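The sequence and structure come before the description.

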Amino acid sequence: MDTATLIARESFVERGARERVAGLLDAGTMRELLDPFERLRSPWLAEQDIVTQADDGVVIARGAIAGTAVVCCAVEPAFQGGAIGEVGGAKIAGALELALEDAEAGRPVVPVLLLETGGVRLQEANCGLAAIAEIHAAIAALRAHVPVVGVVAGPVGCFGGMSIAAGLCSQLIATREARLGLNGPQVIEQEAGVDEFDSRDRPMIWSLTGGEQRRATGLVDTLCADDAQAIAAEVAAAVAAGPEDPARVADVDAALARLARIDGDRRAEAEWVRDAFQTPTDDGSDS
Amino acid sequence: MQTLSLDYPAGAPAARRALAGVVGSGDLEVLLEPGADGRSTVEINTSVDGVNEIWTAVVDRIFADAAQPAVALEINDFGATPAVVRLRIAQAMEQAAGADTGAH
């Protein structure tokens, strides 16, 4: 890429959640639900002496992408590391449940989830976890009717229960900078020891949980540069693709076979994890 | 966390509401709504304790012009410096006045 192209490129990651959503939607179609002026904020953070954000760090907006009705749910990574609390989680779950009602009534609305989150907000514990479980159930139900599109773009990544939400999406888009994992590096190091996972070794962390590796192991469908236009084009293509049939996550046998090929005694390295995640085909070659 | 309420004489109510910033490290969120005629109010929630004098001095200066539109501001602060405070409030004021700053 030449310098002029690089300078002209507009970053998706540097935008806030609301601006990201505005950039994905057709001009003039964005209608925010439960906007910040509704002041639906966390009741738990203030009790713990933590400043709240008026939208609890979650932007919900209806609109259209290339004419198709969508509902965007975007997590603001700068507020509390994108952690999901009771209110923000309920906003996403509620939006997805409404989309499910619409889909069942023959008015499909495609959900687009912008997931930049460390997972559940620890200060809200079970209230956030309950909301995340509702999000999972709604995504699983929606997939029969519409594609559920996920994007993980920034270095905050997508972790904890929300990484399961990302995995449940029918189409997941990520950048090289993004990370996807159930547990973050420090949690793994604390639980398994520094020999297993050194949370200060950034190249190793990205080699195992970064967007490129997750694409190579099939956990991410599309790898995209941090370019607002390119990401918008990938989201538009995923929205237009129609529901996934059969759902990738429904193939439990393939997942179990993959697990059986993994040697748990061996320290994970990017290369052999990629090999283990390949699906062997009948002719003996890797697909 | 500390809270602080300030009010100032002002002109006619602002034309529309506006939003600027995020409750992230070194930043703040400004929610601007049209105020009552002739009076601007500022409600501040800040993560930093013991800086009420600085906040008062910074906001006093911003609202020194009593001819400005009347606004009701809510500020949720996560350790913004006075320069960032001024920029975010100015950004919200410009949006409320209808000027297109290109920023959101």
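In chain A, A:I60 has A:C73 of strand 3 standing opposite. The model is predicted. The two strands of this hairpin, strand 2 and strand 3 of chain A, have 2 residues between them, and A:A66 takes a positive phi near 50°.

Strand 3 (residues 68-75) of chain A is largely enclosed by the rest of the structure, because 6 of its 8 residues are buried. In strand 4 of chain A, A:V110 is the bridge partner of A:V70. Between strand 3 and strand 4 of chain A the chain passes through helix 4 (residues 86-104), in a right-handed β-α-β crossover.

| Strands of chain A | Bridges | Direction |
|---|---|---|
| Strand 1 and strand 2 | 3 bridges | antiparallel |
| Strand 2 (residues 58-65) and strand 3 | 8 bridges | antiparallel |
| Strand 3 and strand 4 (residues 110-114) | 5 bridges | parallel |

The open sheet of chain A is formed by 7 strands in the order 1-2-3-4-5-7-9, with mixed pairing. Strand 1 (31-33) and strand 9 (222-223) of chain A each have a single partner strand, so one side of each is left without a neighbour in the sheet. A:E32 stands opposite A:A61 in strand 2 of chain A. Helix 4 of chain A packs on the sheet and touches strand 1, strand 2, strand 3 and strand 4 of chain A, its direction making about 25° with that of strand 2.

Between the chains, 14 residues of chain A are in contact with 16 residues of chain B. On the side of chain A that touches chain B, the residues are 7 nonpolar, 3 polar and 4 charged.

Definitions and conventions: Residues numbered from 1 in each chain as written. Chains lettered and ligands numbered in written order. Predicted model: local features only at pLDDT ≥ 70, side-chain atom pairs only at ≥ 80, totals over all residues. Contact = placed C-beta atoms within 7 Å. Nonpolar A, V, L, I, M, F, W, Y, C, P; charged D, E, K, R; others polar. Buried ≥ 20, exposed ≤ 12 C-beta atoms within 10 Å, placed from the backbone. Helix = DSSP H or I, 4+ residues; strand = E, 2+ residues; numbered from the N terminus. Pairing = 2+ DSSP bridges. Right-handed = clockwise from strand over helix to strand, strands pointing away. Axes fitted to C-alpha atoms, helices over the stretch in contact; angles between N-to-C directions.
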